[in-house]
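I am opening a notebook on a structure that is new to me. I will look up the strands, then the cores, then the pairs of side chains.

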Amino acid sequence: MTAPLPPGARRYLVGGAVRDALLGRACGDRDWVVVGASVQQMLDAGFQPVGRDFPVFLDPETHEEVALARTERKTAPGYRGFVVHAAPAVTLEEDLQRRDLTINAIAQDADGRLIDPWGGRADLAARCLRHVSPAFAEDPVRILRLARFAARLPDFTVAPQTLDLMRAMVAAGEVDALVPERVWQELSRGLMETRPSRLLEVLRACGALARLLPEVDRLWGVPQRAEHHPEVDTGVHLGLVLDMAARLQAPLAVRYAALVHDLGKGTTPAGLLPRHHGHEARSVALARALGERLKVPNDCRALAEVVAREHGHIHRSGSLGPAALLRLLERCDALRRPERFEEVLWACECDARGRTGHAEAVYAPRPRLRRVLALAGAAAGLGEDTGQDAGGDAGQPGEPAGDRPA
């Protein structure tokens, strides 16, 4: 039971809870907006203030967040340059108008009646992501949010007018004002959605990926050898790997490792293409720089560097002798960190199966290296080294390590 509101005030369910209910999806947290009340009236009614930038309260009974209806006015570049106005006279329609997408601008009253002044239900039916008003352009975070929704709702398309607006925002330098922490917050959430490749697809389409993640953006158009990568394009491969990570329900650290594992292929000299000899070392350096720039959590950074450096060797581990296998485990710190090594193998399986025609393939190195790790205490006594060192270019004779699935 929700707490009583001040006299004359009205409460509406808004945002994701309404949208997801209309889509038949499980609803998460519920967001509420109150119309017709002041900050002092909410305090007097026992609501506890929690908002720093605008008036948000906790319902003393349900402990759910309740925000006063508000409008916003742009005063400076970036996503922080706003003046917020919350007052009893602000209408529900005005509050909904400041929201990002029409599908997020639907409200529901206490009787279950839907209030949809901006066409959200029609866009839900049409599977369309559309901005509510030109005010969308005032907040560059909305580009990232829309891309994240595209990854969550992969059968939705972006309205052409909205995509044009996003391109104009990028051209105006709005995304350059985003702080690293906010970029990572939205990126990490997007990686955990149903089809992470859509996140990158939308960011590329509006030009934001080149500004925010140039190391990732430059992978598109870079060829790989078709016998190992039937999809050929390195960027296409990346999308397949990320979607495989989602299919295998991988955690964030694994998905981030998948995102950056092949960054070095974007810097392969044109004269060497479609071969990518030595791309692993370049990938490690680029992944490390990207992690520092976006202030990525340490567990994600550490896993990503191991995967970038060792994924090729793990793919080819079936050709390694006992001593070389032990050196591979040592470089991965598998004996000390077996739980992280399991995530390394997880990311490598996503990489191997994230290729056209290989999605249903069995990834033999994962169970094999699990067994090797279980026997690691006796690994040094399993026999003589075959001469194929896990730290070198093990593989088919005359085939550079960088050319095989990686």
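**Entry 1: the sheet.** I note at the start that this is a predicted model. I began with β5 and asked which residue in it is the bridge partner of Leu58. I found Glu65. The strands concerned are β4, residues 56–58, and β5, residues 65–68, and I read three bridges between them in the antiparallel sense.

I then traced the whole sheet. It is open and has seven strands, which I list as β3-β4-β5-β2-β1-β8-β9. The pairing is mixed. At the edges I have β3 (48–49) and β9 (114–115), each with pairing on one side only. As a reminder to myself, strands in a sheet pair through backbone hydrogen bonds, in a parallel or an antiparallel way.

Next I looked for a helix over these strands. I found α1, residues 16–23, lying across β1 (10–14), β8 (107–108) and β9. I wrote down an angle of about 55° between α1 and β1.

**Entry 2: the cores.** I asked how many residues the largest nonpolar core has. I recorded 97. The residues with the most contacts inside this core are Leu129, Ile143, Tyr256, Leu259, Ile314 and Phe341.

I followed up Ile314, setting aside its neighbours within four places in sequence. Its contacts include Leu328, Cys332, Phe341, Val344 and Leu345. I also noted Cys348, Tyr363, Pro365 and Leu369 as contacts of Ile314. Another core, of 13 residues, lies apart from the largest one; Val14, Val33, Leu96 and Ile115 are among its members.

**Entry 3: helix α15.** I looked up residues 322–331, which make up α15. The buried residues there are Pro322, Ala324, Leu325, Leu326, Leu328 and Leu329. I then checked what covers them, and the list includes α14 (298–315), α16 (338–353) and α17 (365–374). Just after α15 I came to Asp333, which has a positive phi of about 55°.

**Entry 4: the aromatic pair.** I found one aromatic pair in the structure. Trp184 and Tyr256 form it, edge-to-face, with 5.5 Å from centre to centre and 90° between the planes. Trp184 sits in α7 and Tyr256 in α12 (residues 252–260), so I marked the pair as a link between distant parts of the chain, 72 residues apart. I checked burial as well: both Trp184 and Tyr256 are buried.

**Entry 5: salt bridges.** I recorded 30 salt bridges in the structure. Side chains of opposite charge can pair when their charged atoms come close.

I took up Asp176 and Arg211, whose side chains form a salt bridge at 2.5 Å, N to O. Asp176 is in the loop between α6 (160–171) and α7 (180–191) and Arg211 is in α9 (residues 208–212), so this pair ties together parts 35 residues apart in sequence. Are the two partners buried or partly exposed? Asp176 is partly exposed, at 44% relative accessible area. Arg211 is partly exposed too, at 39%.

I next looked up Arg225, which has a salt bridge with Glu227 at 2.4 Å between the closest N and O atoms. For Lys265 and Asp262 the closest N and O atoms of the salt bridge are 3.4 Å apart. Both of these residues, Lys265 and Asp262, are buried.

Technical notes
Residues are numbered from 1 along each chain as its sequence is written. This is a predicted model: local features need pLDDT of at least 70, side-chain atom pairs count only at pLDDT 80 or more; totals for chains, interfaces and linings use all residues. Side-chain values use heavy atoms; hydrogens and water are left out. Two strands pair if DSSP finds at least two bridges between them. Helices (H or I, at least four residues) and strands (E, at least two) are DSSP runs, numbered from the N terminus. Contact means heavy atoms within 4.5 Å. Axes are lines fitted to C-alpha atoms, for helices over the stretch in contact, and angles run from 0 to 180 degrees between N-to-C directions. A nonpolar core is a set of buried Ala, Val, Leu, Ile, Met, Phe, Trp, Tyr and Cys residues joined through side-chain atoms within 4.5 Å. Buried means under 20% relative accessible area, exposed over 50%, partly exposed in between (1.4 Å probe, protein chains only). A salt bridge is a side-chain nitrogen of Lys or Arg within 4 Å of a carboxyl oxygen of Asp or Glu. Rings of Phe, Tyr and Trp (its six-membered ring) pair if their centres lie within 6.5 Å; planes under 30 degrees apart count as stacked, over 60 as edge-to-face and the rest as tilted.
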